[in-house]
Amino acid sequence: MVRTGPSGTAGITVLFIFFPGWQLELQTFQSGDGWGYQIRMNGKVLIYQPTIPSIDTVTAFPNEESARNIGTLVLNRLTENKDFSVSRDEIQHSLSYLGQ
């Protein structure tokens with residue numbers, strides 16, 4: 001079951017995925033001058049990603065949508081028991097503004 005809903009804090013999106021015995025939750029958050037995401041399992045932080053992974057510079061996501069898109073990709077891979085790392089090509093495809 002997938003459910004989205006407000007977290008009660010402005011600027012945060014929360015996505016819940018439930019499986020027997022555990023719950024995954026994706027949250028986006030403002031990080032400095034941009035956005036990041038975290039994935040929690042059963043209320044504990046599993047992945048904290050305040051910057052865009054797989055690129056040469058330390059840069060926050062430019063907007064909430066881009067953080068949510070990459071976070072959702074990672075979350076889906078976790079639920080499918082797949083390698084959840086994100087390649088530079090996937091980042092470039094999802095965030096065409098990088099132009100690298």
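The model is predicted.

Start with the layout. The protein has two helices and five strands. From the N terminus on, the order of the elements is β-β-β-β-β-α-α. Of the 100 residues in the protein, 36% are buried. The accessible surface comes to about 5900 Å². Carbon and sulfur atoms hold 51% of that surface. Among contacts with a separation of 6 or more, 38% join residues 24 or more positions apart.

Now take the strands. β3 and β4 pair in the antiparallel sense, over eight bridges. Their hairpin leaves two residues between the strands. There, Gly 32 takes a positive phi near 60°. Look at Ser 31, which lies in strand β3, residues 22–31. Ser 31 stands opposite Gly 34 in β4. Its relative accessible area is 16%, and the cut-off for buried is under 20%, so Ser 31 counts as buried. Leaving aside residues up to four places away in sequence, Ser 31 touches Gly 36, Pro 50 and Ala 60.

Move on to the next hairpin. β4 also runs antiparallel to strand β5, residues 44–49, and five bridges join the two. Arg 40 stands opposite Val 45 in β5. This hairpin, too, has two residues between the strands, and Asn 42 takes a positive phi near 50°.

Next comes the core. In soluble globular proteins, nonpolar side chains tend to be buried together. Here the largest nonpolar core has 17 residues. Tyr 37, Ile 39, Phe 61, Val 74 and Ile 91 touch the most other members. The elements that give two or more residues to this core are β3, β4 (34–41) and α1. The largest share, five residues, comes from α1. Ile 39 shows what such a position looks like in terms of neighbours. Not counting residues up to four places away in sequence, Ile 39 has contacts that include Leu 24, Leu 26, Val 45 and Ile 47. Gly 71, Val 74, Leu 75 and Leu 78 are also among the residues that Ile 39 touches.

Finish with the charged pairs. The count comes to four salt bridges. One of them joins Glu 64 to Arg 68, with the closest N and O atoms 3.9 Å apart. Both residues lie in helix α1 (residues 64–79), four residues apart, about one turn of the helix. Arg 68 is partly exposed, at a relative accessible area of 29%.

Another salt bridge joins Glu 90 to Arg 77, and here the closest N and O atoms are 2.2 Å apart. Glu 90 lies in helix α2 (residues 88–94) and Arg 77 in helix α1, so the pair ties together parts that are 13 residues apart in sequence. Arg 77 counts as buried, at 15% relative accessibility. Glu 90 is partly exposed, at 23%.

A further salt bridge links Glu 80 with Lys 82, where the closest N and O atoms are 3.3 Å apart. Glu 80 has a relative accessible area of 45%, which makes it partly exposed. The cut-off for exposed is over 50%, so Lys 82, at 51% relative accessibility, counts as exposed.

Conventions:
Residues numbered from 1 in each chain as written. Predicted model: local features only at pLDDT ≥ 70, side-chain atom pairs only at ≥ 80, totals over all residues. Heavy atoms only, no water. Salt bridge = Lys/Arg side-chain N within 4 Å of Asp/Glu carboxyl O. Buried < 20%, exposed > 50% of the residue type's maximum accessible area, 1.4 Å probe, protein only. Contact = heavy atoms within 4.5 Å. Areas by Shrake-Rupley, 256 points an atom, 1.4 Å probe, with all protein chains shown as cover. Core = buried A, V, L, I, M, F, W, Y, C linked by side-chain atoms within 4.5 Å. Pairing = 2+ DSSP bridges.
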